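Here's a quick tour of one protein model, written for someone new to reading structures. Keep the 3D view open and click along as you go.

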Amino acid sequence: MKSNNNLFNFVNSLVVTLPTSKNLNINWNYGSMLGMILVFQILTGVFLTFYYTADGSSAFGAVQYIMYEVNYGWVFRIFHFNGASLFFIFLYLHIFKGLFMMSYRLKGVWLSGLTIYLLIMLEAFMGYVLVWAQMSFWAAVVITSLLSVIPIWGPSIVMWVWSGFGVTSATLKFFFVLHFLLPWGLLVLVLVHLILLHSTGSTSSLYCHGDYDKICFGPDYWNKDSYNLVFWMLFLVFSLLYPFKLGDPEMFIEADPMMSPVHIVPEWYFLFAYTILRAIPNKVLGVVAFVMSIFIFYFFVFINNYTSCLVKLNKFLVFNLIISAVILSWLGQCLVEEPFTMLGPLFSLVYFTLIVSLMIMYYFSKSLFI
């Protein structure tokens, strides 16, 4: 139904009249769930900024003030930092669903989605540092120092990010401002992602091309998206019963620049990349492998795939990629000792081999499967 209101027509085309494949199951809920979590994180985050102080001498105390003195401040904080974990759970599910369904065929959608993923990783890292606890402080020191491997300008970039000769209050303020501003840009990028998706249509196992064999998004798929409420209930129960289960004990200790933790470990959603970084003794090669663990997925847009989403070889490779990523995440929190120092390089090699195998299979798909 057309209206004279252009905004109404735009929203209507996104959530009501959008032609949608008939067989989208609950695996296509991940995108809508991610949108809900992004709004949830922005709302809880804005509340926390009212009481947070971006200063090295009082940041940790400000977090404790929110937890103990602000009315219901503890609720907003545990929802916010557990919401980050919920975000990455559905983000990884969304990415692996895309690999199963060969969503890289939608090139604009794939590129915008990967860019959103990288920006969310940056956003999560900066939010982690804002607590100004032992683990987050030293994670900031380790990660920001990796920029020094950039030829010529590396050391200057590190000093610019640090705003001095080390991670200090100025660095914290820099991260705080970016952490506050970036989500608003992410909202715009998510809207671009949706527009690109709706201009091409979603991938599905039926692989429908024409709108003649599709149904309207609303209200049928509104009912499907209502299943997200089940996951929200599980999240609320988990956050209230086990608020710090996914955290590290070092996050309860105020940052001490003079003494680092015995074992520096990032949050669980960075562990697979951290293992790859740690697996290579050479700093430059380690950082290159660390960056390529994400950037390698950008190369999928250069491949034109002719195979069906139901090809069993694709499922086999993606399943093994998931298993290798889980093992790498487990190795990331293990001590730097045998046999973990041997398994790290081994599964890093397996991880990249599987991705390259997927790319080769897709590249030669026309001659292999047709």
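**A buried ring and its surroundings**

Phe 300 is buried, with a relative accessible area of 0% (buried means under 20%, exposed over 50% and partly exposed in between, using a 1.4 Å probe and protein chains only). Before you dig in, note that this is a predicted model, where local features need pLDDT of at least 70, side-chain atom pairs count only at pLDDT 80 or more, and totals for chains, interfaces and linings use all residues. Residues are numbered from 1 along each chain as its sequence is written, and side-chain values use heavy atoms, with hydrogens and water left out.

**The whole chain**

- The protein chain has 15 helices and two strands; helices (H or I, at least four residues) and strands (E, at least two) are DSSP runs, numbered from the N terminus.
- Of the 370 residues in the protein chain, 47% are buried.
- Take the contacts between residues at least 6 apart in sequence: 79% of them join residues at least 24 apart. Contact here means heavy atoms within 4.5 Å.
- The accessible surface of the protein chain is about 19,200 Å², and carbon and sulfur atoms own 73% of that. Accessible areas come from the Shrake-Rupley method with a 1.4 Å probe, and for residues only the protein chains shown count as cover.

**The nonpolar core**

- In soluble globular proteins, nonpolar side chains tend to be buried together.
- The largest nonpolar core here has 101 residues, and those with the most contacts inside it include Tyr 52, Phe 88, Phe 297 and Phe 300. A nonpolar core is a set of buried Ala, Val, Leu, Ile, Met, Phe, Trp, Tyr and Cys residues joined through side-chain atoms within 4.5 Å.
- Helix α4 (residues 73-100) provides the largest share of this core, 14 residues.
- Which residues does Phe 297 touch, leaving aside its neighbours within four places in sequence? They are Leu 99, Trp 110, Leu 114, Leu 321, Tyr 351 and Ile 355.

**Rings that pair up**

- The model has 38 aromatic pairs. Rings of Phe, Tyr and Trp (its six-membered ring) pair if their centres lie within 6.5 Å; planes under 30 degrees apart count as stacked, over 60 as edge-to-face and the rest as tilted.
- Phe 47 and Phe 76 are stacked, because their ring centres are 3.8 Å apart and their planes sit at 20°.
- Phe 47 is in helix α2 and Phe 76 in helix α4, so this pair ties together parts that are 29 residues apart in sequence.
- Phe 47 is buried at 16% relative accessible area, while Phe 76 is partly exposed at 28%.
- Trp 110 and Phe 300 make a tilted pair, with 6.1 Å centre to centre and 55° between the planes.
- Trp 110 lies in helix α5 and Phe 300 in the loop between α12 and α13, so their pair ties together parts that are 190 residues apart in sequence.
- Trp 110 is buried too, with a relative accessible area of 8%.

- Helix α11 (residues 271-279) is mostly covered, with eight of its nine residues buried.
- Those buried residues pack against α4, α5 (107-129), α12 (283-295), α13 and α14.
- Ile 280 sits in the loop between α11 and α12 and is partly exposed at 30% relative accessibility.
- The C-alpha atoms of Ile 280 and Pro 345 are 7.0 Å apart, though 65 residues separate them along the chain.

- A cis peptide bond joins Glu 338 and Pro 339, with omega about 0°.
- Pro 339 belongs to the loop between α13 (312-332) and α14 (340-363).
- Ile 152 isn't a glycine, yet its phi is positive, near 70°; Ile 152 is exposed at 72% relative accessibility.
- Ser 163 isn't a glycine either, and has a positive phi of about 60°; its loop runs between α7 and α8 (169-200).
- In helix α8, Thr 171 is buried at 1% relative accessible area and is in contact with Ser 163, among others.
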